[in-house]
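Reader: I'd like to learn how to read strand pairing and ring contacts in a model like this one. Could you take me through them?

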Amino acid sequence: MPNASPSRSFVGETAVREPHGRGAGSDHYDFSEVAADRSKPSFSRILETQQSPWTSIMVILVRLLRVALVTILCIVVFAALFEFLNAVPTYLFLPDHLEGGDAYGSSRMMFLGALWWGAVFRAPGYLFYGTVPLLIVMAATEWKSMKSWREYLAIWLLAGLVATGFPVSYPLRLAAVVIAAAGVSYFYWLLAGKSAGDRLQDWRTRASNGGALRLANYVAYAVVAYLAYQLTGYLFYGGKLLWVTFVSEPSPGTPPFQVTHRRKLTASQKVAMMDFPDPASCLKRAETDVLSLDRLREIDWDRIDNEDEADVCMFRLLGSYENLSYATDWFEAQGFRVFDNFSSAHPYIERDGTQRVAAGYSIRKNGPKFPTTGIVRRAFRSIPYSMIVNATWSKDGKRLIGVETNFNTL
């Protein structure tokens, strides 16, 4: 029409150009396209709405793996931070450090050295003894959905006190434990603690709505049962530590166990003395109880769980020989390599006249000598690349006075 208004003409043109959908700058949507987009399957939507039992298991396992890795990381951080905090009062309160620094050459090198020492040398011991107990505790926090930072502070503080021997009589050392535990607990809470139990709670909700996740339920209970079994072992060993410390100290046994330089026996050494009181308790089972020279070589490594038990058993067996002339053959029968200048024929003579025989064992080549079972424990014992055993005899070479096992990490 010739008299049509400009606005009506513009609307008509737009309708011609865009008859079925939204045009450039339009606020109108094609709902068919939106419905098509929603109908397209996506991986995340499948996981959210159609989880299979295996998917639920994988989600829980990934979460447990994250908890395990964060726990290991926090143990290493605690060891480094604890050594660093121990170095601070040493630097501040000793005059020679204020004048020119310590053996590291400067205050900066001293603190870096403390961090390095804690992460490389202190952390492996903490990891070996503390990882499994802490993982059991952290699994319980996941199960109970514990998300408070204060709860993790209590856990890491108790773990730090146990690892450092409850240094209540050393205020500076105790302060270092408290500060390190506070920092590490907050670090763990940020990475894993504040989301504890979220995946498990979602799994429980889905499991309660149907029977499709029964397999995941059974697997979860199996994991809990395994962790409970491991916890039982640690509690049993902890009970023995308390027994030998506060109730009854074991006898030295046969031959009487002792350590070099007459150092004070630790609680774990006393437990090893109690578990292995004589040579027969360290040997493989046999039809005869006669302790012949060849029979003394048949040590049962499957029963050895730590270096204290190894030291006690090697002392029992090596000390049963008349003198150190049998030491080289005994070590070689166990797969050790005796060093030429530390052998029975050429023992190393210490300054005090005592004689030492040393043997090495390649962990990198042969795997850890002990423990012989347990994937996690053997994994931690595989961190060092070798093991060295030093056996020291009296000046005349007839009396064994100490056996000590050391590990080379770097």
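Author: Helices (H or I, at least four residues) and strands (E, at least two) are DSSP runs, numbered from the N terminus. This is a predicted model, where local features need pLDDT of at least 70, side-chain atom pairs count only at pLDDT 80 or more, and totals for chains, interfaces and linings use all residues. Residues are numbered from 1 along each chain as its sequence is written, and side-chain values use heavy atoms, with hydrogens and water left out.

Reader: Which residue stands opposite Met387 in β4?

Author: That's Tyr361. β3 and strand β4 (residues 386-393) are antiparallel and share eight bridges. Strand β1 (residues 337-338) also runs antiparallel to β3, with two bridges, and Arg337 has Gly360 in β3 as its bridge partner. Two bridges likewise tie strand β2 (residues 348-349) to β3, again antiparallel; here Ile349 partners Gln355.

Reader: What phi does Gly353 take in the hairpin of β2 and β3?

Author: A positive one, near 95 degrees, in a hairpin with five residues between the strands.

Reader: How many residues of strand β3 are buried?

Author: Buried means under 20% relative accessible area, exposed over 50%, partly exposed in between (1.4 Å probe, protein chains only). For β3 (residues 355-362), seven of the eight residues are buried.

Reader: And how is a pair of aromatic rings described?

Author: By the distance of the centres and the angle of the planes. Rings of Phe, Tyr and Trp (its six-membered ring) pair if their centres lie within 6.5 Å; planes under 30 degrees apart count as stacked, over 60 as edge-to-face and the rest as tilted. The structure has 16 aromatic pairs. Take Phe78 and Phe82: their centres are 6.1 Å apart and their planes at 5 degrees, so this pair is stacked. Both sit in helix α4 (residues 53-93), four residues apart, about one turn of the helix. For Phe331 and Phe336, the centres are 5.7 Å apart and the planes at 70 degrees, so that pair is edge-to-face. Those two belong to a cluster linked by ring pairs, with Tyr361 and Phe407 also among its members.

Reader: Which charged end sits over the ring of Phe407?

Author: A charge sits over a ring if NZ of Lys or CZ of Arg is within 6 Å of the ring centre and within 35 degrees of the ring normal. For Phe407 it's Arg381, 4.5 Å from the ring's centre.

Technical notes
Two strands pair if DSSP finds at least two bridges between them.
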